[in-house]
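Visitor: Could you walk me through the features of this chain, with the cut-offs behind each term?
Guide: Gladly; let's look at it together.

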Amino acid sequence: MSKKEFLSHLSRHLQNVPANEREDILQDYEEYFTLGEAEGKTESQIAESLGSPKLLARELLTAYHVDKMDVTSSAINIFRAVWFLIGLGFVNLIIVLSPFLGLFALLAAGWMIGVVGIASPLNIWKIQWR
């Protein structure tokens, strides 16, 4: 993904942030690309190191709403901050939980194969003596 594509995706996902805040965020990430290019990295390598623009935007929106809640503690700001924290927590849970479940399933399958491997000769021996 190029710098232009990354920044446009990030900008699109940050539509709920006021324009001046969004421009500050985009300018920070443009600087990140500039510094990365100065180190000899390509735009695609830099974009890959930043991760998904959608996930990054969720994290930035959550931080924005939490900061906004700290400044003005109205019920709607608290609700928005909590809602975004729950959403971000759910996404992170999926990212962490899916590899854990995959490893657990692999471990369980190994144990099942071991038990069947041990039990199968006993069953054959029982059939032969009938």
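**Reading the surface and the helices**

Guide: Let's begin with a nonpolar surface patch of about 710 Å², made by Phe90, Leu93, Ile94, Leu97, Phe100, Leu101 and Phe104. Patches are built from residues with over 30% relative accessible area and no salt bridge, joining like charges within 9 Å and nonpolar side chains (Val, Leu, Ile, Met, Phe, Trp, Tyr) within 5 Å. Accessible areas come from the Shrake-Rupley method with a 1.4 Å probe, and for residues only the protein chains shown count as cover. Please keep in mind that this is a predicted model, where local features need pLDDT of at least 70, side-chain atom pairs count only at pLDDT 80 or more, and totals for chains, interfaces and linings use all residues. Residues are numbered from 1 along each chain as its sequence is written, and side-chain values use heavy atoms, with hydrogens and water left out.

Visitor: Where is leucine 101 placed?

Guide: Helices (H or I, at least four residues) and strands (E, at least two) are DSSP runs, numbered from the N terminus. Leucine 101 sits in helix α5, residues 75-128. Buried means under 20% relative accessible area, exposed over 50%, and partly exposed in between (1.4 Å probe, protein chains only). With a relative accessible area of 46%, leucine 101 is partly exposed.

Visitor: How many helices and strands does the chain have?

Guide: There are five helices and zero strands, giving the pattern α-α-α-α-α along the sequence. Of the 130 residues in the chain, 22% are buried. The chain exposes about 9,600 Å², and carbon and sulfur atoms supply 67% of it.

Visitor: Which residues form the negative surface patch?

Guide: For charge, Lys and Arg count as positive and Asp and Glu as negative, while His and the chain ends are not counted. The place of a charge is taken as NZ of Lys, CZ of Arg, CG of Asp or CD of Glu. Here the negative patch is formed by Glu21, Glu23, Asp24, Asp28, Glu30, Glu31 and Asp67. Helix α2 (residues 19-38) gives the most to this patch, with six residues. Aspartate 28 lies in helix α2 and is partly exposed, with a relative accessible area of 48%.

Visitor: How many salt bridges does the structure hold?

Guide: A salt bridge is a side-chain nitrogen of Lys or Arg within 4 Å of a carboxyl oxygen of Asp or Glu. The structure holds one, where the side chains of glutamate 39 and lysine 41 meet at 3.9 Å, N to O. Glutamate 39 counts as exposed because its relative accessibility is 59%, and lysine 41 counts as partly exposed at 40%.

Visitor: Is arginine 22 buried or exposed?

Guide: Arginine 22, in helix α2, is buried yet has no salt bridge; glutamate 23, the nearest side chain of opposite charge, is 4.8 Å away. Contact means heavy atoms within 4.5 Å. Setting aside neighbours within four places in sequence, arginine 22 is in contact with Ser11, Leu14, Gln15 and Val17.

Visitor: What is serine 11 in contact with, leaving aside its neighbours within four places in sequence?

Guide: Its partners are Arg22 and Leu26. Serine 11 lies in helix α1 (residues 3-13) and counts as buried because its relative accessibility is 19%.

Visitor: How far apart in space are serine 2 and glutamate 48?

Guide: They are 9.7 Å apart, C-alpha to C-alpha, and 46 residues apart in sequence. Serine 2 belongs to the segment before α1. For the chain, among contacts between residues at least 6 apart in sequence, 53% join residues at least 24 apart.
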